[in-house]
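Good morning, and thank you for the time. Please look at the chain on the screen, and I shall then take you through its fold and its local features.

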Amino acid sequence: MNEPRPQPVDAALVPRFAGHATFMRLPAVDSAAGLDIALVGIPWDGGTTNRAGARHGPREVRNQSSLMRRANHHTGIAPYDLVSVADAGDLTVQPIDLMTGLAQIEDGIAAICAQGALPLCVGGDHLTTLPVLRAIRKAQGAPLGLIHFDAHSDTNDRYFGDNRYTHGTPFRRAIEEGILDPMRIVQIGIRGSVYDVDEHGWAKAQGVRIVYIEEFVERGPAAVMAEARAVVGDGPAYVTFDIDSLDPSMAPGTGTPEIGGFTTREAQAMVRMLSGVNIVGADVVEVSPPFDVGGMTALAGATILFELLCVMADGLARKRQEGQQA
Ligand SMILES: [Mn+2]
């Protein structure tokens, strides 16, 4: 009845170091037509306020994703058996003009949504998430919840005078624009020094739930993720994973490292616990190859991308099954 689903290049036939570097060694496609999930790169870091370089993230995450195999040993999820997913390429985004860049990202994601695919994005700096959310919000026709793994809240107002669009402001803008329902936002892993002690006051006043790293350490992944699932509820939710939520000993290749972060193992466990969340899109952002060591941060990014793909594929398969039973 259906076309065979896209499959990764068979590593038993073509070694992992050979061939074109695509996400998960999947076929490269020109459009998201026919896909359930579109893996898409957003090579843009025009919102970076300090150490730029995340524009190089997608290419290196593709390279390291060649280490990913077909199935998740822990959850038993084999995403390529459940859904159609392929590498939909990079969005074409010019690097010079910020507002043009945001519009190009939104247009690119809107095209993917119009094809009926869920975007699973690789940044790029964290400002890329704002135009992605704008497009998904329009496609969904309802405000979104957000599960946000990060060292930083990214809900500041302005930088360098009156600049409202930076990688430190996307979630404030998304709340102001009615894209995100602040009562359905949870931020996990927040830490580091702050500009002032009330830096997160605005976000908290909107209803954003901030789980600082100290609380995470105290309660553990299972309790925190149970609460996160309750915060976003059954409605459409986006998942954003800033690689700087990981400890820089495990992910040094990022623009704004903060010590005292998640281990990669904790992060994997938490992403698996997203099962049951109505995920309508997700991303991994802020992998910055110029600051990386031996590709280890890009490998962490590729692995979290695979974990996100597994949980999204499983969610879509379950929905499909429920639809058939109904
Ligand atoms: Mn961030």
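Predicted model: local features only at pLDDT ≥ 70, side-chain atom pairs only at ≥ 80, totals over all residues.

**Overall fold and local features**

Among contacts in the chain between residues at least 6 apart in sequence, 78% join residues at least 24 apart; two residues are in contact if their C-beta atoms, placed from the backbone, lie within 7 Å. Residues are numbered from 1 along each chain as its sequence is written.

The chain has ten helices and eight strands. These are DSSP runs numbered from the N terminus, with helices being H or I of at least four residues and strands E of at least two. The C-alpha trace spans about 55 × 45 × 40 Å along its principal axes. For 326 residues, a compact globule would have a radius of gyration near 20 Å, and the chain agrees with its 18 Å. That radius is taken over C-alpha atoms, and the globule rule is 2.2 Å times the number of residues to the power 0.38.

How much of the chain is buried? Buried residues make up 53% of the 326 residues. A residue is buried if 20 or more other C-beta atoms lie within 10 Å of its own, exposed if 12 or fewer, and partly exposed in between, with C-beta atoms placed from the backbone.

Let me turn to the core. The largest nonpolar core has 93 residues, and I37 and L39 have the most contacts inside it. Helix α10 (residues 296-325) gives this core its largest share, 13 residues. A nonpolar core here is a set of buried Ala, Val, Leu, Ile, Met, Phe, Trp, Tyr and Cys residues joined through C-beta atoms within 7 Å. Beyond its neighbours within four places in sequence, I37 contacts V83, V85, A117, L118, L120, L309, M312 and A313.

Next is helix α3. Which residues of α3 are buried? They are G101, L102, I105, G108, I109, I112 and C113. They lie on the same side of α3, because they cover an arc of only 140° around the axis, the arc being that of the directions from the helix axis to the C-beta atoms. Their cover includes β1, β2 (85-90), β3 and α4. Just after α3, G116 takes a positive phi of about 90°.

Now the backbone. Most residues other than glycine have a negative phi, and most peptide bonds are trans. In the segment before β1 (37-42) lies M24, whose phi is near 60°, a positive value in a residue other than glycine. R25 lies in the segment before β1 and has a positive phi of about 60° although it is not a glycine. M24 counts as buried because it has 25 C-beta neighbours inside 10 Å, and R25 counts as buried with 23. A cis peptide bond joins G123 and G124, with omega about 15°.

G124 is found in the loop between β3 (118-123) and α4 (129-140), and H126 is found in the loop between β3 and α4. H126 counts as buried, with 30 C-beta neighbours inside 10 Å. Not counting residues up to four places away in sequence, H126 touches D154, H167, P170, D242, V285 and E286.
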